[in-house]
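Dear colleague,

My notes on it follow below.

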Amino acid sequence: MSDEHLVNIHDLRPGYKNVSAHFIVLDVGEAMQTKDGHNVRTCFVADRTASVNLSVWDEWGEAIQSGFVLKLTNGYVSLWKGGLTLYIGRMGRLEKTGEFTFLFTETPNMSEMKFEAGRNADLPIPESA
């Protein structure tokens, strides 16, 4: 996925790499300190298709505020405690493209969907399962 190809949050799946996405920050969580002394925050972000948790470290977490419209380049997607999470990555970048004005939906929350490990990791498990 090149920088020019923006992925909708609804289309994110575990294992995606080099992800570029455009979204609004709805909430910035409290910083938690790792054993290595890094500060990690979970932000809740959304675009017009869905919402997801975004994990940000150190200076990224300190700079982000609710209402920021951001473009992520070179991110990746993984599972954290069974929920989909978007990460910036070592070579990733966030760019502020605006504030407050951005069409979004909070549903579905992709971080609340459960994904199977293994072969069908890209398919969410139906709620009735």
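In β5, the residue that A21 has as its bridge partner is L72, and this belongs to the antiparallel pairing, over five bridges, of strand β1 (residues 19–28) with strand β5 (residues 68–80). Strands here are DSSP runs of E with at least two residues, numbered from the N terminus, and two of them pair if DSSP finds at least two bridges between them.

Please keep in mind that this is a predicted model, in which local features need pLDDT of at least 70 and side-chain atom pairs count only at pLDDT 80 or more, while totals for chains, interfaces and linings use all residues. Residues are numbered from 1 along each chain as its sequence is written, and side-chain values use heavy atoms, with hydrogens and water left out.

β5 also pairs in the antiparallel sense with strand β7 (residues 93–99), over six bridges, and there K71 has E95 in β7 as its bridge partner. With β6 the antiparallel pairing of β5 runs over five bridges, S78 standing opposite T85 in β6. β5 and β6 form a hairpin with two residues between them, and K81 in the turn has a positive phi of about 55 degrees.

Turning to the pockets, the largest has a volume of about 290 Å³, and of the 14 residues that line it, the closest to its centre are M32, V40, T42, S55 and W80. A pocket is an open set of points on a 1 Å grid over the protein atoms alone, where a 1.4 Å probe fits, with protein on both sides within 12 Å along at least five of seven lines, and lining residues have an atom within 4 Å of a point. Grid points are joined across faces, edges and corners, and the volume is the space filled by probe spheres set on the points.

The second largest pocket, with a volume of about 190 Å³, has among its lining residues S55, W57, W60 and Y87.

S55 lies in strand β4 and is buried (under 20% relative accessible area, with a 1.4 Å probe and protein chains only), its own value being 8%. Leaving aside neighbours within four places in sequence, S55 is in contact (heavy atoms within 4.5 Å) with V40, R41, T85, L86, Y87 and I88.

Finally, the structure holds one salt bridge, that is, a side-chain nitrogen of Lys or Arg within 4 Å of a carboxyl oxygen of Asp or Glu. The side chains of K96 and E99 meet in it at 2.5 Å, N to O.

With best wishes

How values were computed:
Helix = DSSP H or I, 4+ residues; strand = E, 2+ residues; numbered from the N terminus. Buried < 20%, exposed > 50% of the residue type's maximum accessible area, 1.4 Å probe, protein only.
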